[in-house]
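User: I would like to work through this protein by question and answer. Please take each point from the model shown below.

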Amino acid sequence: MNFSREDSKMLNAELRLIDVTFGYEDGKKLFDRLNVRLRSGQLLLVQGPNGSGKTTLLKLVAGLLKPQSGSILLNGIPAGDAGFSRIGYVMQRAEDQFFCETVFDEIAFSARNFGLDRIAERVKEAVRSVGLTEDVLSKSPFQLSDGEARRVAIACALVHEPLLVLFDEPLIGLDRVGKEIVRKILKEQKGKGKILIVTSHRSGNLSDLADVVLRL
Ligand SMILES: Nc1ncnc2c1ncn2[C@@H]1O[C@H](COP(=O)(O)OP(=O)(O)OP(=O)(O)O)[C@@H](O)[C@H]1O
Ligand SMILES: [Mg+2]
């Protein structure tokens with residue numbers, strides 16, 4: 001993936017979580033008046049043990065869950081609204097986000113959905129950027145190894161050039177090379193001026209890339 005300084009200058013986004021309060025109906029409160037402010041090129045690392053609410057926070061930012069009170073705004077527009085802008089979401093279990101018959105269609109989906117041009121070119125570029133070869137494109141996304149599935153999930157989340165990218169435990173299931181590729185991608189996306197939220201249950205992992213750390 002190539003990027004230039006001009007790209008990051010063009011992006012001037014801001015994500016704000018203002019007094020966000022949330023708990024599932026049958027559980028304890030996971031967030032109580034949480035405030036976070038992120039600008040273009042910044043990475044928020046969300047750390048915490050199993051069950052602390054990391055995935056829940058990403059679902060709130062993606063607009064899949066609504067806070068009981070408070071607001072989540074990207075450039076002033078509430079999460080979940082049509083104008084919230086493009087986001088990419090790499091789910092914790094890659095298979096949860098797949099629904100197409102081939103890897104090509106899976107990756108092409110969001111690019112098509114947003115009416116982008118050069119679909120085949122973008123898909124191939126996305127596959128290369130996660131260290132896979134083009135022969136994966138004709139496979140079923142449900143027949144990939146865990147490491148391949150995670151890389152395809154990342155390709156899906158980046159192909160449409162989102163402004164905000166959510167990565168839920170992106171290193172899990174990857175070998176050393178895969179982990180290095182993810183680190184490189186995170187750095188590149190920061191350089192492009194994207195806003196990133198990354199969860200990790202392990203402290204230390206990725207903390208050198210973080211601008212803000214939230215410990216749950
Ligand atoms: N749909 C749901 N309904 C009710 N409770 C839920 C739901 N989803 C998650 N929870 C509960 O909310 C808490 C936080 O879950 P969450 O998945 O956000 O944790 P996490 O920090 O991502 O954990 P992990 O490290 O295991 O991925 C857990 O106690 C979980 O059981
Ligand atoms: Mg989780």
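**Backbone, ligand and metal sites**

Analyst: At 55% relative accessibility, R33 counts as exposed. R33 belongs to strand β2, residues 29-39. The model discussed here is predicted.

User: What is the phi of R33, which is not a glycine?

Analyst: R33 lies in strand β2. Although R33 is not a glycine, its phi is positive. The value is about 55°.

User: Which protein atoms are the donors of the magnesium ion (ligand 2)?

Analyst: The protein donors lie 2.0 to 2.2 Å from the magnesium ion. They are T55 (OG1) and Q92 (OE1).

User: How many residues apart are T55 and Q92 in the chain?

Analyst: T55 is in helix α2 (residues 54-61), and Q92 is in the loop between β6 (87-90) and α3 (103-113). The pair thus links distant parts of the chain. Their separation is 37 residues.

User: Which element gives the largest share of the shell around ligand 1?

Analyst: The residues around ligand 1 are Y24, D26, L30, P49, N50, G51, S52, G53, K54, T55, T56 and Q92. By class, this shell has 3 nonpolar, 7 polar and 2 charged residues. The largest share, 3 residues, comes from α2.

User: What percentage of the accessible area of ligand 1 does the protein cover?

Analyst: Polar side-chain atoms of N50 and T55 each lie 2.9 Å from an oxygen atom of ligand 1. A polar backbone atom of S52 is 3.2 Å from an oxygen atom of the ligand. On its own, ligand 1 has 640 Å² of accessible area, and the protein covers 60%.

User: Against which helices do the buried residues of α3 pack?

Analyst: The buried residues of α3 are V103, E106, I107, A108, S110 and A111. In an α-helix, residues three or four places apart point the same way, because there are 3.6 residues a turn. The buried residues of α3 pack against α4 (119-129) and α5 (146-158).

User: Which residue with a positive phi follows α3?

Analyst: The phi of this residue is near 65°. The residue is G115.

User: Which backbone oxygen does the side chain of H160 reach?

Analyst: H160 is located in the loop between α5 and β7. It counts as buried because its relative accessibility is 3%. Not counting residues up to four places away in sequence, H160 touches R86, I87, G88, S110, A111, F114 and L116. At 2.9 Å, its side chain reaches the backbone oxygen of I87.

Note on methods: Residues numbered from 1 in each chain as written. Chains lettered and ligands numbered in written order. Predicted model: local features only at pLDDT ≥ 70, side-chain atom pairs only at ≥ 80, totals over all residues. Heavy atoms only, no water. Donors = N, O, S within 2.8 Å, 3.2 Å for Na, K, Ca; no water. Helix = DSSP H or I, 4+ residues; strand = E, 2+ residues; numbered from the N terminus. Near = heavy atom within 4 Å. Polar contact = N/O pair within 3.5 Å; in protein donor to acceptor, adjacent residues only side chain to side chain. Areas by Shrake-Rupley, 256 points an atom, 1.4 Å probe, with all protein chains shown as cover. Nonpolar A, V, L, I, M, F, W, Y, C, P; charged D, E, K, R; others polar. Buried < 20%, exposed > 50% of the residue type's maximum accessible area, 1.4 Å probe, protein only. Contact = heavy atoms within 4.5 Å.
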